[in-house]
Amino acid sequence: MRDICFILLLCLLAACNNNDRTEKEKPVTKTDTLAVNNISKIDTASSYYHRFNDSALEDRITKAIMKLPFVKKANAYIDSFSNHQHGIAFMVDSLGSDKNEINVQAGYNGETRFEIYYNFYVNPRTLEIKVLDVVNDKKLSVLEFMKTQHNP
């Protein structure tokens with residue numbers, strides 16, 4: 001019995017002694033001396049929205065794309081699974097380096113992300129539409145693209 005009491009006393013002293021040592025040996029944290037002075041832009045979701053400058057041209061482009069049969073089909077599909085709350089959405093980009101075409105992404109604008117169904121390239125003067133074939137990484141005319149689709 002005396003041995004058990006002695007062992008418990010040693011364990012108690014070791015535990016108390018260990019706590020005192022860790023308190024004294026804790027590293028001293030230093031504060032950062034550099035101040036952040038120039039925060040020019042606050043990172044919010046609204047800062048990521050892109051606005052196309054020419055709303056009349058954007059309207060003409062989206063109306064032309066909406067006339068395509070495969071876009072109408074995608075619009076009906078999005079409408080059906082969203083319980084008639086959403087249709088196909090478009091993200092119209094500004095003129096690229098080519099200056100002869102505007103990139104338009106069409107797809108479903110979900111709560112967490114934009115799901116791209118089609119990438120279009122539209123000539124702003126003639127409204128000629130090309131579709132990106134993602135498998136071959138080629139821009140195809142609308143008729144060429146429709147031929148590549150395996151719809152019965």
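This is a predicted model: local features need pLDDT of at least 70, side-chain atom pairs count only at pLDDT 80 or more; totals for chains, interfaces and linings use all residues.

**Overall layout.** I started with the fold elements and count 4 helices and 5 strands in the protein. I take both from DSSP runs, numbered from the N terminus: helices are H or I with at least four residues, strands are E with at least two. Going along the sequence, I read the pattern as α-α-α-β-β-β-β-β-α.

Residues are numbered from 1 along each chain as its sequence is written, and side-chain values use heavy atoms, with hydrogens and water left out.

**Surface and contacts.** Of the 152 residues in the protein, 25% are buried. My cut-offs here are under 20% relative accessible area for buried, over 50% for exposed, and partly exposed in between, with a 1.4 Å probe and protein chains only. The protein exposes about 12400 Å², and carbon and sulfur atoms supply 53% of that. Those areas come from the Shrake-Rupley method with a 1.4 Å probe, and for residues only the protein chains shown count as cover. I also looked up contacts (heavy atoms within 4.5 Å). Among those between residues at least 6 apart in sequence, 34% join residues at least 24 apart.

**Helix H2.** Next I went to H2, which has 12 residues and reaches 16 Å from its first C-alpha to its last, close to the 16 Å expected at 1.5 Å a residue. The expected span is 1.5 Å times one less than the number of residues. Which residues of H2 are buried? I find Leu-57, Ile-61, Thr-62, Ala-64 and Ile-65. Seen down the axis of H2, these buried residues fall within an arc of 160 degrees, so they line one face of the helix. That arc is taken over the directions from the helix axis to the C-beta atoms. On the face of H2 turned away from the buried side I find the exposed residues Ser-55 and Lys-63.

I stopped at Thr-62, which is buried at a relative accessible area of 14%. Its side chain reaches the backbone oxygen of Asp-59 at 3.1 Å. I call that a polar contact: a pair of N or O atoms within 3.5 Å, where within protein one must be able to donate a hydrogen and the other to accept it, and residues adjacent in sequence count only if both atoms are side-chain atoms. Leaving aside residues up to four places away in sequence, Thr-62 touches Phe-90 and Val-92.

**Salt bridges.** How many salt bridges does a search of the whole structure find? It finds 3, taking a salt bridge as a side-chain nitrogen of Lys or Arg within 4 Å of a carboxyl oxygen of Asp or Glu.

- Asp-59 and Lys-63 pair at 3.5 Å, N to O. Both lie in H2 (residues 55–66), 4 residues apart, about one turn of the helix. Asp-59 is partly exposed at 36% relative accessible area.
- Lys-139 and Glu-101 pair at 2.3 Å, N to O. Lys-139 lies in strand E5 (residues 138–141) and Glu-101 in the loop between strand E1 (89–95) and strand E2 (102–109), so the pair ties together parts that are 38 residues apart in sequence. Lys-139 is partly exposed at 40%, whereas Glu-101 is buried at 14%.
- Arg-113 and Glu-115 pair at 3.5 Å, N to O. Glu-115 is partly exposed, with a relative accessible area of 28%.

**Ser-82.** This one is in the loop between helix H3 (69–81) and E1, and counts as buried at 9% relative accessibility. The side chain of Ser-82 reaches the backbone oxygen of Asp-79 at 3.4 Å. A polar atom of that side chain also lies 3.1 Å from the backbone nitrogen of His-86.

Most residues other than glycine have a negative phi, and I looked for exceptions. Leu-127 has a positive phi of about 60 degrees although it is not a glycine. Leu-127 is in the loop between strand E3 (114–122) and strand E4 (129–133), partly exposed at 25%. Asp-137, also not a glycine, has a positive phi of about 55 degrees. I place Asp-137 in the loop between E4 and E5, exposed at 63% relative accessibility.
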